[in-house]
Amino acid sequence: MGILATAQICNHSSITEVFFIPEWQSLAFLALVCSAALLAIAYMLNRFLNNEEGQVALKLELFELFATAFVIFVSIGLVQSACEVEASGIFFDPQHMQAGDNLFDAAEAVLQDFSVDLALAMTALHTVYIPIDFQTTTTLTMQPMGLGTVIQPTSGIGAIVKPAMLNAMQAIALAYIVIRAEQFVLDFSTYALITFYFPIGIILRSFTPTRRIGGTIIGLVLGLVLVFPFLIILNGAVAFSIWPNVNPFSFTDSDWDNLKNFTTGSFTGMFGSLTGISDLANPFNFFYAINQLIGGTFGAIIGFVIFFFMRSAGAAFFIGLFFPALNTLLLVTTVRYITKSLGEEIDVTNLTRLI
């Protein structure tokens, strides 16, 4: 998955070349000149009428006029820097991205690695789940001439293990959907906001009557274009420092120690239960021995698999649910204060409820 901001915007020498309003510079300059002329006329009129309150208000408007020009240049520079500043290797291991990646490419690389690792984890765990489901539903029958016994040695294991496996795979699937949705949001926000909303915000910010709404649009653009990718990169910095990837078969030393202790305990219980069986000629003892042998062996194997499932489910919850929720909270709060500084504060209460 590519990022349109890099392919369609960052390839230009300037961000302003991709604005859908070609004459935005002329319109913004004309708006600033007209605003300055109207303020000058109004100031002279208030000075002639000796209206001190009007003079103070016009001085504030004059400050807003210069602040508008400053905001336009600074905001364009910040968005341009997102294309030009190399983000690879700054926040986490550069093996997860390519050299020369900008802010948009780095964020996309993090989400792509998350989605690939989740897909691999789901595939591996589902592959293991199929034989476990087959073995836990196997029934042994001994009915010569219609008489005998029917046993299902591993039926109890399935009742315990399969719900945990299904819940883990559902968590991984939900995390994968959220990560892919973040990729689409990143792709849309970086391209559409820069191309369409950013020039509209600049034009509106240049006119006195629409200055507040224009500043609000500029603040929204800066939040979604700069803050959102930056938060995703920070997610990668945290996640990749904990796990090389989310693949359940990628272990650290502590993971191997925990798995070794878990498996050793399973085999110890199996051999301990077989110690008291001495009379194998008794058919009931014979079946009991088979049940303990199969149950102990599969108990160790299933314990091994459960470790994979729980580890992958934990990683999926971390990167697919916790991180997006934290990003939403930080992004909404940041956009709220940016828009309040540049224009009118955006009421994001209903948006946060929707998310």
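User: Why is Phe-196 called partly exposed?

Analyst: This is a predicted model, and in it Phe-196 has a relative accessible area of 39%. Buried needs under 20%, and exposed needs over 50%. The value of 39% lies in between, so Phe-196 is partly exposed.

User: What makes Phe-20 and Phe-196 an aromatic pair, and why is the pair called tilted?

Analyst: Take the distance first. The ring centres of Phe-20 and Phe-196 are 5.4 Å apart, and the limit is 6.5 Å. Now the angle. The planes of Phe-20 and Phe-196 are 45 degrees apart. Stacked needs under 30 degrees and edge-to-face over 60, so this pair is tilted.

User: Which parts of the chain does this pair tie together?

Analyst: Phe-20 lies in the loop between helix H1 and helix H2, and Phe-196 lies in helix H5. The pair therefore ties together parts that are 176 residues apart in sequence.

User: Is Phe-323 buried or exposed, and how do you know?

Analyst: Phe-323 has a relative accessible area of 4%. The cut-off for buried is under 20%, so Phe-323 is buried. Phe-323 also forms a tilted aromatic pair with Phe-318, at 4.6 Å centre to centre and 55 degrees between the planes.

User: How do you know that Cys-10 and Cys-83 form a disulfide?

Analyst: Their sulfur atoms are 1.9 Å apart. The limit is 2.5 Å, so the two cysteines count as a disulfide. A search of the whole structure finds one disulfide. Cys-10 sits in the loop between H1 and H2, and Cys-83 in helix H3, 73 residues apart. The angle about the S-S bond is -65 degrees, and the link is left-handed.

User: Why are Cys-10 and Cys-83 called buried?

Analyst: Cys-10 has a relative accessible area of 18%. Cys-83 has 11%. Buried means under 20%, so Cys-10 is buried and so is Cys-83.

User: What about Cys-34: why is it called partly exposed?

Analyst: Cys-34 has a relative accessible area of 37%. That lies between 20% and 50%, so Cys-34 is partly exposed.

User: Why is Glu-64 called buried, and which residues does it contact?

Analyst: Glu-64 is found in helix H3. Its relative accessible area is 17%, under the 20% cut-off, so Glu-64 is buried. Leaving aside neighbours within four places in sequence, Glu-64 is in contact with Arg-205, Arg-211 and Arg-212.

Methods
Residues are numbered from 1 along each chain as its sequence is written. This is a predicted model: local features need pLDDT of at least 70, side-chain atom pairs count only at pLDDT 80 or more; totals for chains, interfaces and linings use all residues. Side-chain values use heavy atoms; hydrogens and water are left out. Helices (H or I, at least four residues) and strands (E, at least two) are DSSP runs, numbered from the N terminus. Buried means under 20% relative accessible area, exposed over 50%, partly exposed in between (1.4 Å probe, protein chains only). Contact means heavy atoms within 4.5 Å. Rings of Phe, Tyr and Trp (its six-membered ring) pair if their centres lie within 6.5 Å; planes under 30 degrees apart count as stacked, over 60 as edge-to-face and the rest as tilted.
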